[in-house]
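Let's take a look around this model together. We'll begin with the sheet and then move on to one of the helices.

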Amino acid sequence: MKNCDIFEICSVKFTADKFLDKLNQSLRDQGLNVMEGYNYELNYVNNPNVLNIRFSRKILSIQHFKAINDFLKAIKKINPKIIHVHTPICSFLVRIVMGFLSFFSKRYKKIKIIYTVHGFNFHENMNFFKNFFFISIEYFLCKFFTHYIFFQSREDYNYVKNKFNIKQNKILHIGNGIDLNKYRFNKNLRNYENNQIRLLYVGRMVEEKGIRDLLFVMNNLEKSKKFKNLYLTLVGPSLSSDRDKLGSDMYNLINKLTNVEWIGESNSIPDIMSKNDFFILPSYREGVPRSVIEAMASGKDMIPKKISVATTLP
């Protein structure tokens, strides 16, 4: 049996690569034995420190039973001291399973559960019953099945502190951050050809990010023949694991519009930021979006949707 100090768990490889890679490397540099768990079925990972846990990002999915089985095998194999979960669906499954295991076994009761909230699954734009359902589940899990909770958003921290009545020593606001050596204002990369005004969106291509609304606006502007010098660049992947993927009608619209360009996933975000004028965020919900911090560090003017977290950033 392999003894593991920290078991870092998220839903998919994309999240691990984009948000957890540097954290895990930093922990390893300190001499800690860190294992990772996520669904890598579509992107095979040949790494002895990574275990395949077949999470689904859909709320209702038969695959959750496969994920639970994979998770049970994993913790039996690596015997972690700490389980650190990220992202809503996998954190729900892991905390529920660990709650039941710790009730029946002293061995599992010793394992500490940490949940980093990158953004809750509920938001003000949900209908009342769906919102109440998600809040109730999160209250139950935070209150009884989680030892420590880290928050990127100050507002999420205050919400749990005030509404859930969680002990102060269980919760910590950690914020979010970026590498300022990469993201700096660079006027030399901006090309003002034809007096263009360029908008930029960076993020996943999913419904909850408000992409559909944004594309409808650009479509209406093109039809009206107003703001002919306004262009939108979309940067981000369309993941097969996303539960609210954009439909083919939206990709057909992107191909049709002359004022919109989708370049997919990119490793050149700092340069792309510098080549645009405004950063736009039409999301329905966010934690503390890293893309917004990157845009601010790059000197971009912001056009966020009126969601509380995005509009409270300085």
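## The sheet

G37 stands opposite L51, which belongs to strand 3. That strand pairs with strand 2 in the parallel sense, over 3 bridges (two strands pair if DSSP finds at least two bridges between them). Helices (H or I, at least four residues) and strands (E, at least two) are DSSP runs, numbered from the N terminus.

Zooming out, 7 strands make an open sheet with parallel pairing, in the order 3-2-1-4-5-6-7. Strand 3 and strand 7 (171-173) sit at the edges with a single partner strand each, so one side of each has no neighbour in the sheet.

## Where the model comes from

This is a predicted model: local features need pLDDT of at least 70, side-chain atom pairs count only at pLDDT 80 or more, and totals for chains, interfaces and linings use all residues. Residues are numbered from 1 along each chain as its sequence is written, and side-chain values use heavy atoms, leaving out hydrogens and water.

## Helix 2, inside and out

Which residues of helix 2 are buried? They are H64, A67, D70, F71, A74, I75 and I78 (buried means under 20% relative accessible area, exposed over 50%, partly exposed in between, with a 1.4 Å probe and protein chains only). Seen down the helix axis, they fall within an arc of 130°, so they line one face of helix 2; the arc is that of the directions from the axis to the C-beta atoms.

Turned away from that buried side are the exposed residues F65, K73, K76 and K77.
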